[in-house]
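Welcome, and thanks for opening the viewer. Keep the sequence panel beside the model, and let us walk through it one selection at a time.

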Amino acid sequence: MKFDLLNRFRFMAIVAGIMSLLLWFVYMPVKYLLHNESLHQATIWIPMVHGYLYPIYVLFAIQFSVSKRWKTLNILGLILAGTLPVASIWAERYVVRKYGN
């Protein structure tokens, strides 16, 4: 697999989407609904990993969208897609349909 701009963005969009799903539907319920300290300690890595990977997603999204000369609002939409569960995966599918081989 050639690791060009599209594939780098695709990889990070999928990873960011999975991490966002884990954050919203595993870590947050464990922390705020279950109040179980042992489960919380077992899932504490999720927000840390998400916090490190999201900026990488943002950089790859900016790099890809600027190379395709997108408008500023479209770039912001692509960046914000990484904050909602499944949105970055949807954005990845959109980009692949539009620019994929």
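**First stop: an exposed loop residue**

Select Arg69, which counts as exposed because its relative accessibility is 76%; here buried means under 20% relative accessible area, exposed over 50%, and partly exposed in between, using a 1.4 Å probe and protein chains only. Arg69 sits in the loop between α3 and α4. Its phi is near 60 degrees, a positive value in a residue other than glycine. Most residues other than glycine have a negative phi, and most peptide bonds are trans.

Before going on, two notes on how to read this tour. This is a predicted model, in which local features need pLDDT of at least 70 and side-chain atom pairs count only at pLDDT 80 or more, while totals for chains, interfaces and linings use all residues. Residues are numbered from 1 along each chain as its sequence is written, and side-chain values use heavy atoms, with hydrogens and water left out.

Now pick His35, in the loop between α1 and α2 (37-43). His35 is not a glycine, yet its phi is positive, at about 50 degrees. Is His35 buried or exposed? With 64% relative accessibility, it counts as exposed.

**Zoom out to the whole chain**

Show the chain as a cartoon. You will find five helices and zero strands; helices (H or I, at least four residues) and strands (E, at least two) are DSSP runs, numbered from the N terminus. Read from the N terminus, the order of elements is α-α-α-α-α. The C-alpha trace spans about 45 × 30 × 20 Å along its principal axes. Of the 101 residues, 34% count as buried. Take the contacts between residues at least 6 apart in sequence, where contact means heavy atoms within 4.5 Å: 68% of them join residues at least 24 apart.

**Helices α3 and α4**

Colour α3 (residues 45-67) and α4 (residues 72-80). Their axes come within 9 Å and cross at roughly 155 degrees; axes are lines fitted to C-alpha atoms, for helices over the stretch in contact, and angles run from 0 to 180 degrees between N-to-C directions. The angle makes α3 roughly antiparallel to α4, given that angles under 35 degrees count as roughly parallel, over 145 as roughly antiparallel, 65 to 115 as roughly perpendicular and the rest as oblique. The crossing of α3 and α4 is right-handed: a crossing is right-handed if the near helix is turned clockwise from the far one by less than a right angle, and left-handed if anticlockwise.

Which residues make the contact? On α3, select Tyr54, Tyr57, Val58, Ala61, Ile62, Ser65 and Val66; on α4, select Ile75, Leu78, Ile79 and Leu80. By class, this contact has ten nonpolar residues, one polar and no charged; Ala, Val, Leu, Ile, Met, Phe, Trp, Tyr, Cys and Pro count as nonpolar, Asp, Glu, Lys and Arg as charged, and the others, Gly among them, as polar.

Stay with Leu80 for a moment. Leu80 belongs to α4 and is exposed, with a relative accessible area of 53%. From Leu80 to Val58 is 8.6 Å, C-alpha to C-alpha, although they are 22 residues apart in sequence.

**Helices α1 and α3**

Next, colour α1 together with α3. The two pack at an angle of about 150 degrees, with their axes 8 Å apart, and α1 passes α3 in a left-handed crossing. Their contact has 22 nonpolar, four polar and one charged residues.

**The aromatic rings**

Show the side chains of Phe, Tyr and Trp. Rings (for Trp, the six-membered ring) pair if their centres lie within 6.5 Å; planes under 30 degrees apart count as stacked, over 60 as edge-to-face and the rest as tilted. The count comes to seven aromatic pairs. Phe9 and Phe64 are stacked, at 5.8 Å centre to centre with 15 degrees between the planes. This pair links distant parts of the chain, with Phe9 in α1 (residues 5-34) and Phe64 in α3, 55 residues apart. Both Phe9 and Phe64 are buried.

Phe64 also pairs edge-to-face with Trp70, at 6.1 Å centre to centre and 85 degrees between the planes. Both Phe64 and Trp70 are buried. Ring pairs link Phe9, Tyr54, Tyr57, Phe64, Trp70 and Tyr99 into a cluster.

**Last stop: Ala91**

Finish at Ala91, in α5 (residues 87-99). Ala91 is buried, with a relative accessible area of 3%. Leaving aside neighbours within four places in sequence, Ala91 is in contact with Phe9, Leu78 and Ala81.
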